[in-house]
Every structure is written in structure tokens, then in C-alpha cells.
Amino acid sequence: SETRAINFGAGPSALPQSVLEEAARGLLNFAGTGIGIAEISHRSKEFAAFLAEVEELIREQLNVPSTHTILFTQGGGTAQFSAIVLNLLARHRLLHPDLKDEERIMDYVITGTWSKNAAQEAGRLGGAKINIAADARVTSSDGKSFDNIPPHDAYKFSQSPALIYYCENETVNGVQFSHDQQAPESFPFHLLPKDALLPLVADYSSSFMSRPIPRLADHAVIYAGAQKNVGPAGLTIIIVRKDCIVDVDAAAKLGAAPVPIGLAYKSFAEQKSMPNTPPVFSLYVSGLVLRRSKALGGVSYYEAVNQRKKDKVYAVLGDGEKLGLLKGYVKRGSGSWMNIVFEVLGEGTEARFLAGAEAKGMKSLKGHRSVGGIRVSLYNAITEEQTDQLVAYIRHFLAEET
Ligand code: PMP
């Protein structure tokens with residue numbers, strides 16, 4: 001274990017050492033069965049009990065009300081880009097059978113690469129018109145970058161859309177909605193159409209379980225791939241309001257697109273997330289992570305720690321900016337707690353920065369290929385001490401370069 005690096009990668013990303021050690025034992029012998037977790041039947045009573053516990057751990061720590069069901073699937077965020085469209089268009093069809101395709105609207109808030117990709121997939125699938133409710137490039141510093149969360153007056157929602165989409169944390173670009181409802185960078189819940197059952201969808205892939213989810217009960221669907229804060233890739237966690245678990249075959253009879261059974265929320269809800277084989281190992285490790293998170297104090301514990309971590313990194317970034325050596329990629333106020341993106345200015349300086357970090361065992365700091373620069377991911381498994389080590393390294397680097 002002394003050879004383990006500090007992994008600041010954006011996902012798949014660091015997992016707690018104690019969980020990995022326990023998971024290694026579970027690979028050999030799960031729950032005293034004498035069978036390893038990757039070998040045991042997902043229909044065994046031991047696995048069924050574990051799955052029920054994972055659901056309860058999420059429900060409890062995020063305060064998920066009984067109006068919402070928690071589903072586990074495969075396919076990642078990318079499969080949900082399609083699943084939300086197909087399931088919510090089926091729902092809209094059942095509610096409004098007589099509308100033409102061009103009269104059905106899907107609202108997308110575009111704040112970065114992932115919400116842009118989600119809107120693109122909605123366009124591919126068709127069946128409705130897309131309204132871009134806000135586009136952060138319009139409110140950016142140069143008219144083309146995803147460097148901000150748009151202010152409230154930049155949004156235009158439709159009256160009765162089939163879905164309203166946003167991505168809470170943009171992993172590539174490092175922008176995130178503020179949870180302070182007074183802040184201009186918060187999600188404008190007050191501007192949404194008045195509807196007790198809003199079709200509001202949020203991608204929480206890279207911030208799930210890192211802090212509480214504001215207005216969770218008002219969402220139709222919240223989804224997250226596990227591979228950032230929660231566990232290994234392969235598991236997708238979906239929190240769905242029950243009115244959005246619809247009979248997709250009945251909707252198809254009314255003209256909606258047929259929904260592949262592996263994407264239909266109803267098949268997962270009716271069969272306790274096991275219409276087919278679930279990602280057993282990923283669920284196992286995620287369950288261990290969630291048990292540990294509960295023992296530490298749940299999402300409010302992580303909220304406090306994550307706030308201190310990001311404050312420390314943004315502070316040293318600010319110092320680097322004053323020295324003219326670093327440059328934050330996003331507008332202050334829009335900055336993510338989870339993925340902090342910045343440039344190291346000057347010829348060859350970024351390469352020196354990365355090599356110096358690597359020499360101290362700090363890895364995966366290179367930014368996404370589409371943005372460049374440095375990206376520091378501070379997911380739950382990155383400790384405050386590890387963050388302190390990074391900050392100390394950056395301070396040392398700034399001193400060396402000046
Ligand atoms: N949404 C966000 C915010 C992401 O960060 C990612 C992946 N990094 C995705 C969606 C796509 O998820 P997946 O790779 O699980 O399909």
C-alpha cells in the first residue's frame with residue numbers, strides 16, 4: 001500500500017483504502033457464504049439482502065422520500081441520456097396522447113460537455129422538439145466556453161415540457177450549480193413551470209453523495225454513474241419519482257417510441273432492479289463505500305469536508321493567479337467543489353507542474369483532452385490530508401517559479 005499514488009483522477013477515481021481491503025476479502029468469500037462476490041448468484045438471499053441494504057443506505061443518507069424509487073442499472077450516465085428521454089416521452093404521451101411530435105418539448109440547460117452530450121442524444125432519438133432553456137456559452141467570457149453557470153435571467157423554460165434537464169456538476173469543465181439559493185449560480189427552481197409533478201431531471205454523476213441534493217423531492221429523475229464518489233464503474237444509480245415509472249408498452253400503443261426493456265424504468269422497478277443480472281461487484285463495493293459514509297456521518301459530513309477541501313485549493317489557485325502563474329478556467333461562484341480546472345501559465349510550466357506532482361506521488365492531474373490544463377478532482381475518497389499535500393506542493397511550485 002505504500003506504493004499507492006494519491007489519485008486526483010476525474011473518474012474512475014480514488015476509493016477508500018479500507019473499502020478496497022474489505023472488497024478484496026469479499027472477492028474470496030462474500031457474507032460468509034464461501035463464494036466470492038463476483039461468483040455468487042445475484043438471486044442468492046445474501047446478495048438480495050445486500051442490495052436492499054445499499055438502497056436503504058442511499059435512501060437514508062439522501063433523505064429520499066417514499067414518493068421516489070431507487071433503481072440500479074448498468075449502462076452509465078450515457079445509457080441514462082437515452083433512458084430519460086424514452087421513459088419521459090412515454091409518460092408525456094400517456095398524459096397528452098393527442099399532441100404532435102413538434103408540440104412536445106424537452107427543455108435542456110446546457111452548462112458543459114455532459115449536458116451538451118445529453119441534449120445531442122435527445123436530438124438523435126427524436127420524438128419531440130428540443131428547447132435550449134439556457135446555454136452557458138452565451139453568458140461566457142468569450143461567447144464559446146463553458147466557464148460559468150448562467151444567471152437566472154438567462155433561462156427560458158417551456159410551459160409544459162416532457163422533461164427539463166440539467167447537469168448538477170460538469171466534470172470536464174469544472175462548473176457546478178451553487179446550493180445557496182440566493183446565489184446567482186444556483187439552479188432557478190423558482191422559474192420552473194408550476195406543476196406538482198415536474199419532469200425535472202438531473203445528472204448527478206460527479207457529485208452524488210458529496211453533499212445533500214437540494215429540492216430532491218421535486219425531481220422526476222436523478223441519476224449518477226457510481227464511478228466517482230461511490231464505487232467502481234458499471235453501476236448506475238437512479239432515483240425516480242413513481243409517476244415517471246410508466247407503462248411504456250401502453251405508451252407505444254398510443255404512438256410513442258418503443259422502449260428497449262433494458263432501459264425501461266418499469267421493468268427495473270417491478271423486479272427490484274433485477275430484470276437481468278445487475279453489476280454485482282460494483283454494487284458490492286458501492287455498498288461498502290456507503291456503509292462507511294454512513295458511519296462517518298453521511299452526506300453532511302462529506303459536505304463539510306468537501307467544502308474545506310475545495311476552499312483550500314481555490315485559495316492557492318487565487319494566490320497563483322495573483323502571481324500570474326495560474327489561471328482558473330471558470331468564473332468564481334460557478335466553480336465546482338469536485339473538479340477544479342486551471343491553467344499553468346508559461347512555456348513548459350504545465351509539464352514541470354505535472355512532473356513535480358508525479359514525483360510526489362500525486363497523479364491524474366492532467367485536464368480533460370478537450371479543455372487542457374490541470375484538473376484536480378476532489379471526490380469523497382480524497383482526504384483533507386491528501387488535499388493539504390497537494391496544496392503544499394502547489395505553494396512550493398509557485399515559490400520555485402517566482
Ligand atoms: N455525466 C457526467 C456528469 C459525467 O461526468 C459522465 C462521465 N464522466 C457522464 C455523464 C457519462 O457517464 P458514463 O461514462 O457513465 O456513461
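Helices (H or I, at least four residues) and strands (E, at least two) are taken as DSSP runs and numbered from the N terminus. The structure is a predicted model, in which local features need pLDDT of at least 70 and side-chain atom pairs count only at pLDDT 80 or more, whereas totals for chains, interfaces and linings use all residues. Residues are numbered from 1 along each chain as its sequence is written.

Helix α3 (residues 76–95) contributes 3 residues to the shell around the ligand, the largest share. That shell, in which a residue counts if its C-beta atom, placed from the backbone, lies within 6 Å of the molecule, consists of Gly11, Gly76, Gly77, Thr78, Trp114, Cys167, Thr171, Asp203, Ser205, Ser206 and Gly225. By class, 2 of these residues are nonpolar, 8 polar and 1 charged, where Ala, Val, Leu, Ile, Met, Phe, Trp, Tyr, Cys and Pro count as nonpolar, Asp, Glu, Lys and Arg as charged, and the others, Gly among them, as polar.

An automatic or database domain assignment divides the protein chain into domain 1 (27–294) and domain 2 (299–401), and their centres, taken over C-alpha atoms, are separated by 29 Å. Contacts (C-beta atoms, placed from the backbone, within 7 Å) link 25 residues of domain 1 with 23 residues of domain 2. On the side of domain 1 that touches domain 2, the elements giving two or more residues are α2 (45–62) and β7 (175–176), and the residues of that side comprise 7 nonpolar, 14 polar and 4 charged.

Strand β12 (residues 339–344) pairs with β14 in the antiparallel sense over 4 bridges, pairing requiring at least two bridges found by DSSP, and Ile340 has Val376 of β14 as its bridge partner.

Terms used:
Contact = placed C-beta atoms within 7 Å.
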